[in-house]
Amino acid sequence: VLFLTFALLTTGHIHSQVCKPIFKKTYGGNGHDETRSIIATTDKGSMVAGRTTSGTTGDYDAVLLKLAEDGSIQWTRRYGGNNDDVFSKVKQTTDGGYICIGTTKSFGNSQGEVWIVKTDATGTMVWARHYGKPDIYIKGKEIVQLSDGGFMFIANEADSTAQSNAIICRIDAAGLISWTRVFDHGNEDGFNSIAIAGNDVYVAGFATVDRKDGILMRMAIVD
């Protein structure tokens, strides 16, 4: 055990690297501001998604914040209605725009529905769709773009409750539903992450029978 510990420490010392800060900034206004997702963009900048009450009447709006390589703000856009809205994830699309997934209480069921917003490269909304069921809170978790220009997203129905179910949904390039699958083992189930590799989709989450177990699912994308 002592030899193994020494070997690990020595290896760590030989290959250790120092993280050099490029910039450190804070962003916000006269309200509450919260980031939920960040990606590197093709222009060497970054895109931040989250929610804000700055400039609102009190409820949260979803927000996108486009940053240059040095962290300076290039533009900011707010999205939403009269109630709480949030973006959980943002991805850059093949056309240079962005696709955002989150949850809205302004549109559809006021308990909360999956909310997906497609924008162009400047943050101008191209389309927005909400997906839900009456009187059930559904939380949008993550979204990926497919090779045909459409998208696949995951969500959790009755998220963070003993009755939660995991959802995976395929939509076309305009946000129209192609198909939806619900995964329910009878207790608390949910999806947390999704990835695409060729014609396969990988989903990570959890399922509860006697206890909560982590799950990884691989599914083939069939047109």
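Arg170 is buried, at 7% relative accessible area (buried means under 20%, exposed over 50%, partly exposed in between, with a 1.4 Å probe and protein chains only). This is a predicted model, where local features need pLDDT of at least 70, side-chain atom pairs count only at pLDDT 80 or more, and totals for chains, interfaces and linings use all residues. Residues are numbered from 1 along each chain as its sequence is written, and side-chain values use heavy atoms, leaving out hydrogens and water.

Arg170 forms a salt bridge with Asp148 (a side-chain nitrogen of Lys or Arg within 4 Å of a carboxyl oxygen of Asp or Glu). Their closest N and O atoms are 2.8 Å apart. Arg170 lies in strand E11 and Asp148 in the loop between strands E9 and E10, so the pair ties together parts 22 residues apart in sequence. Strands are DSSP runs (E, at least two residues), and helices are too (H or I, at least four), numbered from the N terminus. Asp148 is partly exposed, at 48%.

Why can such pairs form? Side chains of opposite charge can pair when their charged atoms come close.

Now take Arg218 and Asp200. Their side chains meet in a salt bridge, 2.6 Å from N to O. Arg218 sits in strand E15 and Asp200 in strand E14, 18 residues apart. Arg218 is exposed at 58%, whereas Asp200 is buried at 17%.

Glu34, Arg36 and Arg51 are linked in a network of salt bridges. The count of salt bridges comes to 11.

Last, the loop between helix H1 and strand E1. Phe23 lies there and is partly exposed, at 37% relative accessibility.
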